[in-house]
Amino acid sequence: MRTRWSNGVWACLVLWVAPLVVSKGQQTDELRQRFEDLKTWAEKGNADAQTDLGLCYYRGQGVARDNAEAVKWFRRAAEQGDARAQYSLALRYHRGQGVPADAKEAANWFRKAFNQGDPKADYFRGLCHLYGAGTRGDAAEAFECFRRAAERGEAYAQVHLGLCYLQGSGVAKNPFEAVKWFQRAADQGHAYARCCVGYCYLAGEGVAKNSAKALECFHQAADQGEADAQFRIGLCYLHGEGAPKALAEAAQWFRKAADQGHAAAQYCLGASYYRGEGVPASYAEAVKWFQKAAQQGNAEAQYFFGFCLLKGQGVPRDAEEAVKWFRKAAEQESGDAKYQLAACHLLGEGTPKNRREGLKWLRKAAEHGHATAQYTLGLHCIHGEGVAKDPAEAARWFQKAADQGNAFAQRDLGQCYLRGIGVPKNSVEAVKWLHKAAEQDDAFAEYSMGICYYRGEGVIKDVRLAAWWLRKAADQGNAPAQLQLGYFYVTGEGVRKDPVEAYKWLTLASVSPGEDERNFLASLDMLPGSPPAPAALPILAARAYKWLKPAPPSVASQARKYLTALEPMMTPAQIAKARQMAREFKPRRSALPRDR
């Protein structure tokens with residue numbers, strides 16, 4: 001749940017935040033009182049109060065959000081020559097908020113704000129150039145405007161100038177200059193500037209990395225009610241940066257920022273409720289916060305909200321609505337959402353089944369770098385499902401997913417090298433990838449490692465290690481491994497001869513035809529309480545297993561043959577004990593990590 005700092009840096013500063021009389025961190029009743037005080041002064045004609053009252057209506061602080069009322073008060077102050085009001089009114093015309101969109105009227109009010117002749121005029125002009133509001137978008141011109149205003153002491157311009165240097169927008173990237181300007185604004189008491197300084201310490205941008213110092217800066221800004229600082233403190237406690245990891249503390253800070261409408265904090269708070277991290281697990285609470293963040297355009301929240309709708313977690317199941325949210329997130333380049341859209345189209349969930357559309361989104365997700373999508377696309381290429389059958393292309397996608405740590409891809413890539421499917425046969429390379437998958441607890445990879453050690457393929461033959469790997473796979477319910485392990489206990493290869501153990505494992509292999517396949521498919525499902533993951537494609541998963549494994553019935557029939565041969569060598573008591581052990585056997589649950 002790590003959220004990148006840069007995601008919201010520019011978005012949160014689209015509007016110039018005027019020095020409000022009302023502090024963000026105050027309680028609701030205090031906000032209402034401040035609103036009433038502002039209204040009293042505004043009605044008496046005070047331009048500053050009128051502007052701040054307009055901002056209260058625009059942001060919904062102390063009063064219900066009302067763009068039309070915001071415009072009314074901005075206009076009253078703007079007509080008195082207040083530059084902040086003129087700029088805010090221009091933005092309302094530019095965006096069509098509270099008034100019909102009107103480019104000419106927007107340009108007129110921007111021009112009036114520009115001509116005020118104080119540092120704010122250059123700051124306003126810089127914002128307009130930065131966002132293309134009422135004038136052409138020009139990052140270099142925006143930088144120059146911010147520089148002029150910053151040099152004359154305008155704190156907001158200093159923050160924006162620092163952001164320009166940090167992002168390399170309109171000027172060569174220079175984190176040292178960025179820190180300098182952030183610090184100048186911070187020295188004037190600018191809360192967000194303190195947050196920016198904290199980020200630089202956290203990331204080691206322009207200053208030596210110092211997580212404790214970063215957290216100190218975030219606390220200073222949070223004390224001023226800065227929502228983004230509260231959110232950053234939550235992340236620090238979540239990840240143990242600058243302070244010991246403390247999930248309950250993280251959730252408290254996420255809530256403070258979320259209550260102020262901070263979208264990323266709302267998403268993180270939702271995730272905390274979903275996972276039960278620092279707060280009692282609650283799908284209903286999770287959905288509430290995911291929805292709030294999703295409605296503000298947070299792509300991760302849109303995906304998670306869609307997932308909850310698809311699964312009926314904390315909200316009535318609505319696959320069609322889920323697809324809408326997946327699409328919104330996918331349009332913002334969410335790899336998870338692209339993959340989920342592919343699954344919905346391929347399986348006909350929330351939308352008519354459409355292989356072409358499904359494969360389009362699957363490829364988009366794979367090209368985005370989504371490991372599960374890359375693996376799944378490889379399966380399509382192996383089987384020729386909706387695409388030309390191409391083992392080499394399949395191996396290429398398996399490789400991409402395997403490089404990202406996807407255990408299924410690592411296992412299948414190992415099989416490709418072992419069999420020479422789509423790549424030159426190379427048993428050493430095969431063992432390398434099978435071992436990586438086996439280390440992630442993939443049962444079939446563990447079984448394959450056992451066979452490689454038994455045959456000496458890609459490794460020095462070692463029957464003890466063969467038995468060790470087979471035992472790990474057999475403990476997970478893998479029938480081929482149970483068969484081979486049972487045979488080892490009969491012959492004493494790699495283990496001590498033990499007819500009871502042999503009978504137990506052979507019994508398990510004989511009475512569970514297809515159990516290994518069911519375990520393989522089950523391993524693709526989420527573990528209870530884990531974060532939502534894109535639903536696996538069961539049809540494709542079954543096909544994946546087909547090309548990898550011996551047919552379960554042949555495993556079962558071979559096991560029965562061994563049992564028939566073994567029984568004359570055992571006493572009735574031994575057989576009874578072995579059967580009891582088989583009945584009491586419970587497969588070990590795989591610890592295989594899940595893709596998101």
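Does Asp-441 count as buried or exposed? I looked it up: Asp-441 counts as buried because its relative accessibility is 11% (buried is under 20% relative accessible area, exposed over 50%, partly exposed in between, with a 1.4 Å probe and protein chains only).

I noted the ground rules next. This is a predicted model, where local features need pLDDT of at least 70 and side-chain atom pairs count only at pLDDT 80 or more, while totals for chains, interfaces and linings use all residues. Residues are numbered from 1 along each chain as its sequence is written, and side-chain values use heavy atoms, with hydrogens and water left out.

Entry: backbone angles. Asp-441 has a phi near 80°, a positive value in a residue other than glycine. I found Asp-441 in the loop between helix H23 (427–439) and helix H24 (443–455) (helices are DSSP runs of H or I, at least four residues, numbered from the N terminus). Glu-333 also has a positive phi, near 70°, and is not glycine. Glu-333 sits in the loop between helix H17 (319–331) and helix H18 (335–347). Glu-333 counts as partly exposed, because its relative accessibility is 47%.

Entry: aromatic pairs. I found 23 aromatic pairs in the structure (ring centres of Phe, Tyr and Trp, the last by its six-membered ring, lie within 6.5 Å; planes under 30 degrees apart are stacked, over 60 edge-to-face, the rest tilted). One of them is Phe-143 with Tyr-165, edge-to-face, 5.4 Å centre to centre and 90° between the planes. This pair links distant parts of the chain, helix H7 (residues 139–151) and helix H8 (residues 155–167), with the two residues 22 apart. Phe-143 and Tyr-165 are buried. Trp-468 and Trp-469 form an edge-to-face pair too, at 4.8 Å and 80°. Trp-468 is partly exposed at 46%, whereas Trp-469 is buried at 6%.

Entry: charge over a ring. Arg-184 lies over the face of Trp-181, 4.3 Å from the ring centre (NZ of Lys or CZ of Arg must be within 6 Å of the ring centre and within 35 degrees of the ring normal). The charged end of Lys-436 sits over the ring of Trp-433, 5.6 Å from its centre.

Entry: helix packing. Helix H14 (residues 263–275) and helix H16 (residues 299–311) pack at about 35°, with axes 10 Å apart (axes are lines fitted to C-alpha atoms over the stretch in contact; angles run from 0 to 180 degrees between N-to-C directions).
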